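Subject: Structure handover

Hello,

Here is the structure you will be working with. Please open it next to this email and follow along.

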Amino acid sequence: MWWVKRAAGVSVRRGGSELAGAVRPGGADLAGAVGRAQDGDPEAFRALYRDTQPRLLRYLHTLVGGDAEDIASETWLQVTRDLAGFSGDHDGFRGWVATIARHRALDHLRYHARRPPALPVPAEDLEAYPSGRPAADDTAEGALEALSTGAALALIATLPADQAEAVLLRAVLGLDAATAARVLGKRPGAVRTAAYRGLRTLATRLQSGPAPPAAVTSVRELTLKDMR
Amino acid sequence: MNTRQTTPISRKAAEQLLDGAAGLALQGPEDLRGQDPLACVLAAAAAPGRDSELAGEDMAVAAFEASHLVPVATSRRGQMLKSPISRILTGKILAASLAVFATGGVALAASTGTFSGSGSVQGDASVSATAPAVTDTADPFADTPTAAAPVVSASAAASASASASASDTASAAANLPQTATGLCQALVSAVMSAANGAGVQASGSASASAGATGTPVLSVSVEEQALSSGLVLQVLNGSEFASLTATAQSSGAVPDYCALLLNLPQLPQPGELAKLPASVLSAVPTSALSQVLPTLPSSTLSSVLTELPTSNLSAVLTALPSSGLSSVLTNLSSSATNQVMTNTSASATNQVMTNASVSATNQVMTEVSPATAGTVLSELPSSTLGQVLSELSPSALAQVLTELPKSTVSQLLSELPTSLVSQLLNQLPRSILSGILSGLPASLTGQLNLNLTL
C-alpha cells in the first residue's frame, strides 16, 4: 500500500493551494470525516462514501466499463479494511481510494489480457469483457437535462486513455494535479499536460458541433499500455 | 473563462476549468447557460451523485461496521494478481461440485474457509444430515491469512484452510467438512457485496466478493440486514447457492433458513419459516430454533411446532427459557396447542408445565381437548401435577376437572396430598364441586377437609 506508507508524515495534498476557491460538494462537512471514520464512526464513513462513490464509479467506468461496480465494491472493501492505516485529509482520501480502484482496475485488465489458457474464463466473465470501454449504451443511460453525465463521460472516454484519466481525476474525482499524479504514478507536470491536451481536444470537438454518436461508439479499445 | 475561441484553450484556462468543474456541477441549468460547452461537459461529468450510484451505500456502511468489530491490519501488496486467478479457481471448482450435486452424487459446494462465527460450529453436526455436504475450495481472497487465522481459530479445520489457501494454489483447497452454514455465510457476504456494488454480478464475482467480505467476522446486525435485503433473491439466482435453495425447497425460505443456521436472534421473514420442510427444520440446531420461536407470528409458530417430530419438538420446547416458553405457549392457536401438548414427550411435558408461567399454564390447560388434558396431567409427576393444578384459576380448574373422565380425576387427585386436594377443591363453586365429588371414591372424599358438607 504505497499510498499509505508514503502518505505517512507527509502532507498528502501537496499543491492543494491550487484548489483555493474551487467549490467542493460537501467539502466543509467532510473536513473531519476521515478522522471520524478512522475512529469507527459509521456516519462519517457514509458521508465519505456518498461523496466519493459516484465519482469513483464514473472514473472506473472509463477504465473497465461494465465491471466498474464490481471493482468499486472491491475497492470499498479494501478501504474499510485499510482505513486505519491511512494518513491524510479528505482530498488525500479521495486520492487514496482512486489509487486502490485504479490498481484493482489494472489487475482486472491485466487478468483479462493474459489469462492462463489452462483456466478458461467462465462465460459470464467473458460476457463482461467485450471491451475495456463502456459501450455507448452504458454511459448514455440516465440522461439528465441538457447534457447527461453519461454523455459527458462518454465524450471524455473518447480521449486517449492517459488524457481521459487525467481529466477524470482532476474534474470528476476533484483531485489536484499533484494528487492525480500520485494516483497515476506520474509527475504532476505530465498529468497537467495530459489533462490540458485532453481539454484542448474536447474543446476542438465541441467547436466543430455536437459530438456525433458515432464518435462515442467507435471508441478505441483501452489497453494496458495506454494506462501505463 | 471563455474558451469559445478558434485558438486552442490556454493552459491556464484548462487548469481553471478542471478545478472549477465540481463547482459548476452544483449550479443549475440556468447558471450553465452562458458557460462554454467544454465547461458544461466537465460540469455534467462531475454532477452530484445519483441515487443509482449510491445503491450500495447501506451495505458499504454495514461492511465498514463489520470490519470495525475485528480490527484487521494486513497488506495486499504483491497479492493483487492472485485474486482473479483464485476467483476463477473458485468458480470452476464450484461449477464442478454443483454438477456432482446435480447428478445425485456427493454434494459439494464451496465456501471460503475464512468464515466463522458461532453458527458454523453449531450447524455442522446437525445440518449435514439434510443439507448437502460441502467441500471447500480455494479461498478467493486468500491474501488475508493474517486476518483469517485468528478469526477461524475455533476450528482446526478452518485454520488449516486459512493457512493452506495462503499459498493460493488449487491444491491448497483441503477437503474441509463444510456445511450449509458456510454457504449461508457466503450468501450474506455476496449480498453485502452485491449491494455494495449496486448490482448483482454473475456467480464468479459473487463468490469472489464473498471471500472479501468474509474476512472480518460479520456482526449479527450485518447478517440480519443482509438476509433481510431484497438482494438475497437476486444473489440466490447464482448457481453456487443452488444447493441452499434446493435444501430450503424455495428461495423464499432461504433467508430464514440461513438466519437459523447463523444463529441469529430474529428471522428476516418470520412468516416464511413455515415454508421450510419439517425435515430441514428438525435439522436446525435446537437452540437456534428455540431462540426465534418467541418472535414468530402465531400462525407460523403453530405451523412450525405442529410439524416438528416429537423428539425435536420436545427438545425445542425444553430449550426455551421460562419467559420464551410462556410466550410461545400463549401464542399458539388452540388446535396447535392441543397437538403440541399431545406430541410432546412425557419428560418434556413435565418440564414445560413446570417452567410455563401461570397464565400460560391456564391457557394451555383450558385450550386443549379433555383427552389431551388428561394425557398431559397423567404424564406429570405428582409434584408438578400439584403445582399445575394449584396454578389454575378456579374457573380453569373447574373446567379441567369437569371435562376429564371421572376415573382420570380420581386417579389424579389420589396422587396428591389430601391437604392440597382439599385446598384445590375448596376454590370451586359448590355446584361443580358436588359434581366432581360424586365421581370420586369414598376412600378419597372421606379424607378431604372440605368447606361444604354433602
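Accessible areas come from the Shrake-Rupley method with a 1.4 Å probe, and for residues only the protein chains shown count as cover. On that basis, chain B has an accessible surface of about 16,800 Å². Carbon and sulfur atoms hold 55% of that surface.

Some ground rules. This is a predicted model, where local features need pLDDT of at least 70 and side-chain atom pairs count only at pLDDT 80 or more, while totals for chains, interfaces and linings use all residues. Residues are numbered from 1 along each chain as its sequence is written, chains are lettered from A and ligands numbered from 1 in the order in which they are written, and side-chain values use heavy atoms, with hydrogens and water left out.

**Chain B overall**

Chain B has 29 helices and zero strands. Helices (H or I, at least four residues) and strands (E, at least two) are DSSP runs, numbered from the N terminus. The chain has 454 residues, and 55% of them are buried. Buried means under 20% relative accessible area, exposed means over 50%, and partly exposed is in between (1.4 Å probe, protein chains only). Now take the contacts in chain B with a separation of 6 or more: 76% of them join residues 24 or more positions apart. A contact means heavy atoms within 4.5 Å.

**The disulfide**

How many disulfides does a search of the whole structure find? It finds one over all chains. The term means a pair of cysteine sulfur atoms within 2.5 Å. Here B:Cys184 is joined to B:Cys258, with an S to S distance of 2.1 Å. B:Cys184 sits in helix H9 (residues 180-196) of chain B and B:Cys258 in helix H14 (residues 254-261) of chain B, so the bond ties together parts that are 74 residues apart in sequence. The torsion about the S-S bond is about -75°, so this disulfide is left-handed. Both B:Cys184 and B:Cys258 are buried.

**Salt bridges**

There are 17 salt bridges over all chains. Each is a side-chain nitrogen of Lys or Arg within 4 Å of a carboxyl oxygen of Asp or Glu.

Look at A:Arg46 and B:Asp58. Their closest N and O atoms are 2.8 Å apart. This pair crosses between chains, from helix H3 (residues 42-64) of chain A to helix H4 (residues 57-69) of chain B. A:Arg46 is buried at 16% relative accessibility, whereas B:Asp58 is partly exposed at 42%.

Next, A:Arg192 and B:Glu15 form a salt bridge at 4.0 Å, N to O. It also crosses between chains, from helix H11 (residues 188-207) of chain A to helix H1 (residues 11-25) of chain B. A:Arg192 is partly exposed at 25%, and B:Glu15 is buried at 17%. Elsewhere, salt bridges that share partners join A:Glu43, A:Arg46, A:Arg50, B:Glu57 and B:Asp58 into one network.

Finish with helix H28 (residues 430-439) of chain B. B:Leu433, B:Ile436 and B:Leu437 are buried there. They cover an arc of only 100° around the axis, so they lie on the same side of H28(B). That arc is taken from the directions from the helix axis to the C-beta atoms. B:Ser431 and B:Ser438 are exposed on the other side. What do the buried residues of H28(B) pack against? Their partners are helix H25 (394-403), helix H26 (406-415), helix H27 (418-426) and helix H29 (442-445) of chain B.

Best wishes
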